[in-house]
Amino acid sequence: MVETRAQPVSKSRQALPRFSDQELYYLAEKFGTPYYLIDEATLRKNVSEIEQAFQEFKGHFRVAYSVKANFNPTVIKTFVSEGIMFDLTSSNELYFLIRCGGSPANVIYTSITETMAEYETILKLGVHKVVVSSYNGLLNLIEAAGRVGEEVDVLVRVNPEVHVKAELRGSIRHGKFGVQLDSPNEDGAIFLVKRILSTPGMNFDGFHFHLGSQIEDPMCYADALEKLESFILGARRELGSFPVNTIDIGGGLPVSYGKNVPAPKELSASLLERLNSIIQSLGDRFTLIVESGRYLSAESMVMVSRIVNVKKFGDFKYVYVDSGYHTLLDAALLKHEYPVEVIPGGSSTYPKTALVGRLCDPLDIFPTSSRSKLGGAEAGKLVVFKDVGAYSIVLNTPFHCQPKPYVLMRSTVGNYVVVRKGQDVEELFNEEGGSVLNVNS
Ligand SMILES: Cc1ncc(COP(=O)(O)O)c(C=O)c1O
C-alpha cells in the first residue's frame, strides 16, 4: 500500500469528517481523476450510530455488514476491527472476509443459489449460521452438512409480503426472495421449520427477512415483525414449542442522498416497543441482527471527477466530466440523486445545468439532487459526488475501455492510503484478453 502524508485536517473536520477542497485538489494532482476517496472515521461512526440506536433493545443486538455494498478489502478490514458480523451471499465474499482477517464464526450466510457445492465450501471454511430460502436449498444444506460433518444453525428466510416504500423492494407478493409465511406447501415457512427441527445436525436458530434497500418508511419493519410474531405463535401451537434465538430484520437503512430519510434512531424508535414485546410474548431473549450495506458504507466515500468541457444553449448548460455511469452505475440504475458539488463553487446564471459523463450514451447523465451545487462549473474544476460508498466501486465496468479508477482512504490518523490501485490501459487490455496470441498462428 502506498502511504502519502495528509494535508492538514482541522479539528472540526475530524469531528464531522468532510474533505477539504485543498485535499481533494492535492489528490487529483497526485492520482489523476476520476478517483474515489473513503473516510475511515465515517465507516466507524456509522457502526456506532446503528449500535447506539438499538441500545434499549432488551435482547442481544448485532450489526452485520453486507459485504456486497463495498467489498474493498480495506473497508472489510475496518469493519472486522469493529467486531461486527458479516452478511455474505457468496463463497467468494467469504474468501475476501477470511483474507481480511474476519472470522467465519461471525458470518450470517444467505445464498440466492443455495447449491450443495456452495454450502459444502462455506461449511468447510467454518461458517455455521446459514439462512435457507427454499426446500431444495435446505435439502442441499442438510446433505452438505452431513458430508462436512458439521452442525449448522439454520434460519428461515421469510417473505412477509408487506408494503415497502423503498427504492429497491425485496418483499413483494410472490417475490423472488424467501418463502411465504402462509403457504402450506414445502416451500412455505412452516414446512421448513418442521423439517429443520426434525433433522439431526440442523439447529433451528430463527428467522430472517430483508425488505429492501433505501427504505424510506420504517412502518414496513413493524408490519413484517407483527406478521412474523403471529406466525411463530401459530407454528408453536402446531409443532410444539421451539426456541427462537435470532431474528434478522435484514438491510435497508436509508441514506439521505437528496431528501430527508429516517435515521437509525428513528427506525429503532418505531420498532423497539414491538421488539421488546416480542421478547415477552415468545419468552426468548433473542439476538436481533440488523444487516446494513448502504448505511454503513455510503456516506464514507466521495468520487472526484474533473470538468473537461462545458456547452451552453440559451438557458441551458451542459457540464461534461471525465467519469460516467461506468463509475457510478447504481446512480444510473436507481436514479440516485447523489449530492454533487463543483469546487470551488460559484453562482450560476443558467436556470438549467446538466451534469453529463464521458460515455457515448444518451443515458450517461447524472441525476443531481436539490442539494447539488453546480454553480461556477468550468473546465478544469473538480466535481465531488458525495455519499457514493455503497454499490459504486463494486459495479465499476470498463465500458469505452475505461480502466478502474484509484480508490484512496483517509485514515483516522490523517494519512491517505491507496486501497485499490488505479488500473492503467495496458492492464485493462491484458485483462480483456489482449495477450492472447493470434488464434491462427
Ligand atoms: C439479504 C440482504 N441483506 C442486506 C442487504 C443490504 O441492504 P442495504 O444495503 O440496503 O442495507 C441486502 C441488499 O441487497 C440483502 O439482499
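In this predicted model, helix α6 (residues 116-124) and helix α7 (residues 135-148) have axes that come within 8 Å and cross at roughly 45°. Axes here are lines fitted to C-alpha atoms, for helices over the stretch in contact, with angles running from 0 to 180 degrees between N-to-C directions. That angle makes α6 oblique to α7, on a scale where angles under 35 degrees count as roughly parallel, over 145 as roughly antiparallel, 65 to 115 as roughly perpendicular and the rest as oblique. The crossing of α6 and α7 is right-handed, that is, the near helix is turned clockwise from the far one by less than a right angle. On the α6 side, the contact is made by M116, Y119, E120, L123 and K124, and α7 brings N140, L141, E143, A144, A145, R147 and V148; two residues are in contact if their C-beta atoms, placed from the backbone, lie within 7 Å. By class, this contact has seven nonpolar, one polar and four charged residues. Ala, Val, Leu, Ile, Met, Phe, Trp, Tyr, Cys and Pro count as nonpolar, Asp, Glu, Lys and Arg as charged, and the others, Gly among them, as polar.

Y221, A222, L225, E229, I232 and L233 of α9 meet L267, S270, L271, R274, L275, I278, S281 and L282 of α10. Ten nonpolar, two polar and two charged residues make up the contact of α9 with α10. Helices (H or I, at least four residues) and strands (E, at least two) are DSSP runs, numbered from the N terminus.

Now to the domains. The protein chain is divided into domain 1 (3-39 + 299-431) and domain 2 (103-292), with bounds from an automatic or database domain assignment. Their C-alpha centres lie 37 Å apart. Domain 1 gives ten residues to the contact and domain 2 gives five. The side of domain 1 that touches domain 2 has three nonpolar, three polar and four charged residues.

Finally, the ligand. Of the 16 residues around the ligand, H210, S213, G251, G293 and R294 come nearest; a residue is near a molecule if its C-beta atom, placed from the backbone, lies within 6 Å of it. Strand β13 (287-292) and helix α11 (294-297) each supply at least two residues of this shell, which divides into four nonpolar, nine polar and three charged residues.

Residues are numbered from 1 along each chain as its sequence is written. As the model is predicted, local features need pLDDT of at least 70 and side-chain atom pairs count only at pLDDT 80 or more, while totals for chains, interfaces and linings use all residues.
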